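Please read them with the structure open.

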Amino acid sequence: WNFGPENDEIKTVEQIVTSLCKKFGKVKYTTDKIKHFHETQCLKLDISKAKKELGLKQRWNTNIALDKIADWTKAYQQKKDVRKVCIEQIKDFMKG
């Protein structure tokens, strides 16, 4: 079983990292320009089975999902009650 974004929501690793850096503020990253090995340009999960057999429908787009990841991580870093954050995020997700 694979769960992932719809085709129009697929992002590159660099797009994800750039987005998360913006959400965290003064976080920066660098890339190694030297190619050490071949890497596939696009890794994508086949979610067709979950869509067909479970009726999977995307509730959050990639940006909202990254917002939730950032919110949880910031709560963890600030030693807040991450269980409470998880429960609130689950409730928010279930509203659809």
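1. Start with the largest pocket. In this predicted model, the space inside that pocket comes to about 1300 Å³. Its lining counts 39 residues, and those closest to the centre are Lys11, Thr12, Val13, Glu14 and Gln41.

2. Next, the make-up of that lining. Two helices, α1 (13–24) and α3 (62–77), each give the lining of the largest pocket at least two residues. Helix α1 has the largest share, with 4 residues.

3. Now look at the loop between α1 and α2 (48–54), where Ile47 is placed. Is Ile47 buried or exposed? Its relative accessible area is 8%, under the 20% cut-off, so Ile47 is buried. Ile47 and Glu6 are 41 residues apart along the chain, yet their C-alpha atoms are separated by 8.0 Å.

4. Then move to the loop between α3 and α4, which holds Lys79. The phi angle of Lys79 is near 55 degrees, a positive value in a residue other than glycine. Lys79 has 75% relative accessibility; that is over 50%, so Lys79 counts as exposed.

5. Helix α4 covers residues 82–95. Does its length agree or disagree with what its residue count predicts? At 1.5 Å a residue, the 14 residues of α4 should span 20 Å.

6. The start of α4 deserves a look of its own. There, Asp81 reaches with a side-chain oxygen to within 3.2 Å of the backbone nitrogen of Arg83.

7. Last, the cysteines. How many disulfides does the structure hold? The number is 0. Cys21 has a relative accessible area of 11%, which is under 20%, so Cys21 is buried. For Cys86 the relative accessible area is 32%. That value lies between the 20% and 50% cut-offs, so Cys86 is partly exposed.

Note on methods: Residues numbered from 1 in each chain as written. Predicted model: local features only at pLDDT ≥ 70, side-chain atom pairs only at ≥ 80, totals over all residues. Heavy atoms only, no water. Expected span 1.5 Å × (residues − 1). Polar contact = N/O pair within 3.5 Å; in protein donor to acceptor, adjacent residues only side chain to side chain. 1 Å grid on protein atoms, 1.4 Å probe; cavity = no way out; pocket = protein on both sides within 12 Å on 5 of 7 lines; lining within 4 Å. Points joined across faces, edges and corners; volume = space filled by probe spheres on them. Disulfide = S-S within 2.5 Å. Buried < 20%, exposed > 50% of the residue type's maximum accessible area, 1.4 Å probe, protein only.
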